[in-house]
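Colleague: Can you take me through the charged pairs in this one? Start wherever you like.

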Amino acid sequence: MSEFTRFSGEVMTAYAHEESRILGQDTWRVMKGFKYYVGENGGEQWVDVPRGYLIDGASVPQLLWNIITPWGSYGAATIVHDILCEYLQLTVQGEPCKITRKQADDILTEAMKVLEVKPLQRALISTAVGLYRVFSHTSKPVRNELKAQLESKWVQANPE
């Protein structure tokens with residue numbers, strides 16, 4: 001990571017066996033919540049990723065795994081992007097603020113720069129995400145209620 005990291009701490013995940021079975025795809029859980037500061041470390045805009053949040057890594061078709069795997073040096077950036085796409089909001093000066101899907105994609109690119117993802121790999125991921133946004137016409141939050149229930153149930157069963 002860059003010397004002036006914008007992540008509030010190390011990102012820790014664990015494979016979520018039962019949730020993977022229920023959701024029908026490999027799923028990991030964020031074990032310790034963290035923030036990603038947009039623009040500058042400790043700034044007034046951030047993305048809050050809570051403990052217990054469920055993720056599936058980068059959504060890459062298996063056919064392309066030789067080029068881009070679901071997990072890599074960009075893993076923390078994909079977690080930030082997932083939660084941004086799920087809610088289409090970040091926090092600005094302590095208040096929730098709506099964003100567009102394009103802004104979420106731009107934050108993914110910024111976070112990959114912070115993580116020092118290789119420029120070619122970063123460009124491939126950013127281009128693929130941008131193309132998906134344009135061709136899928138995705139502009140609304142993509143919240144999965146079953147996933148949200150599993151997250152909530154786990155947090156309640158595993159207090160800090």
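Modeller: This is a predicted model. I'll start with E86, which counts as buried because its relative accessibility is 5%, under the 20% cut-off.

Colleague: And R143, what does that count as?

Modeller: R143 is partly exposed, because its relative accessibility is 28%.

Colleague: How do the side chains of E86 and R143 meet?

Modeller: In a salt bridge, with N to O at 1.9 Å. E86 sits in helix α2 (residues 75-87) and R143 in the loop between α4 (119-136) and α5 (145-157), so the bridge ties together parts 57 residues apart in sequence.

Colleague: Which residues are linked in a network with E86 and R143?

Modeller: K147 and E151; the four are linked by salt bridges.

Colleague: Switching topic. What does D105 pair with?

Modeller: D105 forms a salt bridge with R133, and their closest N and O atoms are 2.4 Å apart. D105 belongs to helix α3 (residues 101-114) and R133 to helix α4, so this pair ties together parts 28 residues apart in sequence.

Colleague: Are D105 and R133 buried or exposed?

Modeller: Both D105 and R133 are buried.

Colleague: What about E19, which residue does its side chain meet?

Modeller: R29, in a salt bridge of 2.3 Å, N to O. The pair links distant parts of the chain: E19 is in helix α1 (residues 17-23) and R29 in strand β2 (residues 28-30), 10 residues apart. Both E19 and R29 are buried.

Colleague: How many salt bridges are there in the whole structure?

Modeller: A search of the whole structure finds 10.

How values were computed: Residues are numbered from 1 along each chain as its sequence is written. This is a predicted model: local features need pLDDT of at least 70, side-chain atom pairs count only at pLDDT 80 or more; totals for chains, interfaces and linings use all residues. Side-chain values use heavy atoms; hydrogens and water are left out. Helices (H or I, at least four residues) and strands (E, at least two) are DSSP runs, numbered from the N terminus. Buried means under 20% relative accessible area, exposed over 50%, partly exposed in between (1.4 Å probe, protein chains only).
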